[in-house]
Amino acid sequence: MKKLLMATAATALMAGTAYADDVKLGILLGFTGPLESIAPDMASGAKLAIDQVNASGKFLDGQTVSAVQGDTGCIDASLAVSSAERLITSDGVKGIVGGMCSGETGAVLQNAAIPNGIVMISPSATSPALSTVEDNGLFFRTSPSDARQGQVMADILNDRGIKEVAITYTNNDYGKGLADSVASAFTESGGTVTMNASHEDGKADYSAEVGALASAGGEVLIIVGYIDQGGAGIINGALDSGAFDTFMFPDGMVSETLEANFAASTEGSFGQVPSAQGDGPAKFAEIGKAAGFDPTGTFAPESYDAAALILLAMQAAGSTDPAVYKEKVMDVANAPGEEILPGELDKALQILKDGGDIDYVGASAVELIGPGESAGTYREIEMKDGKMVEVGFR
Amino acid sequence: MDFLNAIVALSNYVLIPGIAYGSQLALGALGVTLVYGILRFSNFAHGDTMAFGAMITVLVTWWLQSLGVSLGPLPTALLALPFGILGCVLLLLATDRVVYRFYREKKAKPVILVIVSMGVMFIMNGIVRLIIGPDDQRFLDGERFLISARDFKEMTGLAEGLAIKSTQVITLITAIIVVALLFWFLNRTRAGKSMRAYSDNEDLALLSGVNPERVVMLTWVIVAALATVAGVLYGLDKSFKPFTYFQLLLPIFASAIVGGLGNPLGAIAGGFVIAFSEVTITYAWKKVLGYLMPDSLAPDGLVQLLSTDYKFAVSFVILLIVLLFKPTGLFKGQSV
């Protein structure tokens, strides 16, 4: 509620300060709903990119950019579509950073972005289904597809010598997509999945699910869910009944809440979250902290990159028309050209203005492949002595 | 040995969680059934009444914890429970004074009161979120387990563990005490008898000199106490999150209706029927059968009647069957 109020207030403020010679960028995220705890940092990431572009003064001959926020509710497709409609038709945004969750992103893309011809770059929608969707070249994402994450998870399991796993997933596009992708990757590499069953979020009692999972057995329980929702209930149930002591946490579960509440009780559990190697993250952490938000928050770097990519593509095309600049998104994201790290947007704008070429690396080591999605590096984490520690990159 | 393992596995994953969840549902359903029996409407605000009572208890628990007060192995929340009940009683009496009394005096139809209670539900929903926020809150302290799965395995040498959480035992004991008190009150005291008389036949009760406002007030006080106890027990056993209390409303209503709306005994039976149907019908019997059957016959599959996706459907199918064949519920309640 509080966040919703803040978001609305912020939107009102933004709308108030807008003026004629001003390019609007929509930030369409789940400020309410199951991922409401990570949305504010993501929005701050995207705004940071906008602020840096404004500060440079080189964007399209001195035009300024302002952000307009919209709420998707993460699991509420109708709310997401109406917010997107509002951003596009009444606020007149030229591009959208969002949506946040996979199901809602697909709905917005089909019902608002494609009909109106608006470019969407999602920082966090990871469902494999979005790779094959017919998007008229309007949809990109700075996060990797879960087809890739499933492969990474199978590799982690194999490297740890685990032969049998049980999977429970949250019953939506994200949960089902990732659960199926890890199940097929793991089975192909010779492992056994004893059970692959869904759980509903926000339920009163998870003993039925835990009972069934325990009966199926397995060395590790993979929880493809949300830490703010059913995921926590499943961990509690499994720990209480002694069904499982070791868990695997994919990106939706890895957060500060997980570390604070469960790091001590799930010793030896592991997981992974999309994150980049190289200089990008460190630089982003520095400028993010200075800007006053948590730059290590899940998908905050991807959000910064999504906003930056839209603005750089506009600069490269010399136009804010989505039909024109959509062609440039892949060009600015990938080689050849000068590598651009976070905080160097000023330099990038200058190069593009002079007709040069850039290779945007950014905070999450952006490398767009195939249908315009990130190739994806993952940070592997493990619970050690009551702390969540980084054990490597994949 | 295998036989023992099978029993332990079944208790650990079915019996014990089922009994604890059943007690929580039964306490909730008792509140719903009392309102239906005496005030004659389905109170949709009940889930959020539970959340409100539990919220006050959580806040007082935090305050007590900050003062360093504790009950040793027992959760401090038990000490804070009376404050929670008091807060909830005040809220319900105020709601009755401001909202329900107006409609009662107008002799509004039950269906109008149902809609009104939905309005009250959204308001309570908002109050709870404004005060404590929408997030998960933890307020459990003291010993978490009476016996943990690992200890049990070491003690008995069995392959299967049996975990009994202290909150599960507290839930069961409190539920028994509360139900005993309630039945004693309804059957043995003058006030309780006047409530039952009012429920059976309003006009006759009025003629016999029963004061209706007093009966209504008593009902709300009891409902507040039941709701708070149910809410706190649920919060201790799982976690306190306003949204899940709203979600609890469905199984609670299913329990009350299966048992027979307006019948307290039915509410308790209904609570356990719903809880066990959710847990048992979707249970995968592979492990238990694996212990019981000789190796050659041990099942490869999960031996699951229905996938857990359908666990909510199960309670509602039971609800439909009961309503089709016994519209008054398992125990003779009022037909809906």
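Colleague: Which residue of β10(A) stands opposite A:M248?

Modeller: In this predicted model, A:M248 stands opposite A:F270 in β10(A). The chain passes from β9(A) through helix α9 (residues 256-262) of chain A to β10(A), and this β-α-β crossover is right-handed.

Colleague: What joins β10(A) to β15(A), and in which sense do they run?

Modeller: Five bridges join β10(A) to strand β15 (residues 378-384) of chain A, and these strands run antiparallel. Within that pairing, A:G271 has A:I381 of β15(A) as its bridge partner.

Colleague: Why is β10(A) described as mostly covered?

Modeller: A residue is buried if 20 or more other C-beta atoms lie within 10 Å of its own. Five of the five residues of β10(A), which spans 270-274, are buried. A:F270, A:Q272 and A:P274 point one way from the strand, A:G271 and A:V273 point the other way, and all are buried.

Colleague: What makes β8(A) and β9(A) partners?

Modeller: Pairing needs at least two bridges. Strand β8 (residues 220-224) and strand β9 (residues 247-249) of chain A are paired over two bridges, in the parallel sense. A:L221 stands opposite A:F247 in β9(A).

Colleague: Why is A:T192 called partly exposed?

Modeller: Partly exposed residues fall between the cut-offs of 12 or fewer neighbours for exposed and 20 or more for buried. A:T192 has 14 C-beta neighbours inside 10 Å, so it counts as partly exposed. This residue is found in strand β7 of chain A. Leaving aside neighbours within four places in sequence, A:T192 is in contact with A:K163 and A:E164. A:T192 and A:E164 are 28 residues apart along the chain, and their C-alpha atoms are separated by 4.8 Å.

Colleague: Why is α6(A) said to be largely enclosed by the rest of the structure?

Modeller: Twelve of the 16 residues of α6(A) are buried, so the description of largely enclosed applies. Among them are A:Y174, A:L178, A:V182 and A:F186. The buried residues of α6(A) pack against α4 (102-116), α5 (146-159), β6, β7 and β8 of chain A.

Colleague: How do you know that the span of α6(A) is close to that expected?

Modeller: Helix α6 (residues 173-188) of chain A reaches 22 Å from its first C-alpha to its last, close to the 22 Å expected at 1.5 Å a residue. α6(A) is followed by A:G190, whose phi is positive, near 100 degrees.

Colleague: What is the corresponding result for α6(B)?

Modeller: Helix α6 (residues 166-188) of chain B has 23 residues and reaches 32 Å, close to the 33 Å expected. Its buried residues are B:T167, B:Q168, B:I170, B:T171 and B:A175. What covers the buried residues of α6(B) includes α1, β2 (164-165) and α9 (212-237) of chain B.

Colleague: Why is one side of β2(A) and of β13(A) left without a neighbour in the sheet?

Modeller: These strands belong to an open sheet of seven strands with mixed pairing, ordered β2-β1-β3-β4-β5-β14-β13 in chain A. β2 (64-71) and β13 (368-369) of chain A stand at the edges with a single partner strand each, so one side of each has no neighbour in the sheet. Elsewhere in chain A, strand β4 (residues 119-122) and strand β5 (residues 139-144) pair in the parallel sense over three bridges.

Colleague: How many residues of chain B are in contact with chain A?

Modeller: 35 residues of chain B are in contact with 21 residues of chain A. The residues on the side of chain B that touches chain A divide into 16 nonpolar, nine polar and ten charged.

Key
Residues are numbered from 1 along each chain as its sequence is written. Chains are lettered from A and ligands numbered from 1 in the order in which they are written. This is a predicted model: local features need pLDDT of at least 70, side-chain atom pairs count only at pLDDT 80 or more; totals for chains, interfaces and linings use all residues. Helices (H or I, at least four residues) and strands (E, at least two) are DSSP runs, numbered from the N terminus. The expected span of a helix is 1.5 Å times one less than its number of residues. Two residues are in contact if their C-beta atoms, placed from the backbone, lie within 7 Å. Ala, Val, Leu, Ile, Met, Phe, Trp, Tyr, Cys and Pro count as nonpolar, Asp, Glu, Lys and Arg as charged, and the others, Gly among them, as polar. A crossover is right-handed if, with the strands pointing away from the viewer, the path from the first strand over the helix to the second runs clockwise.
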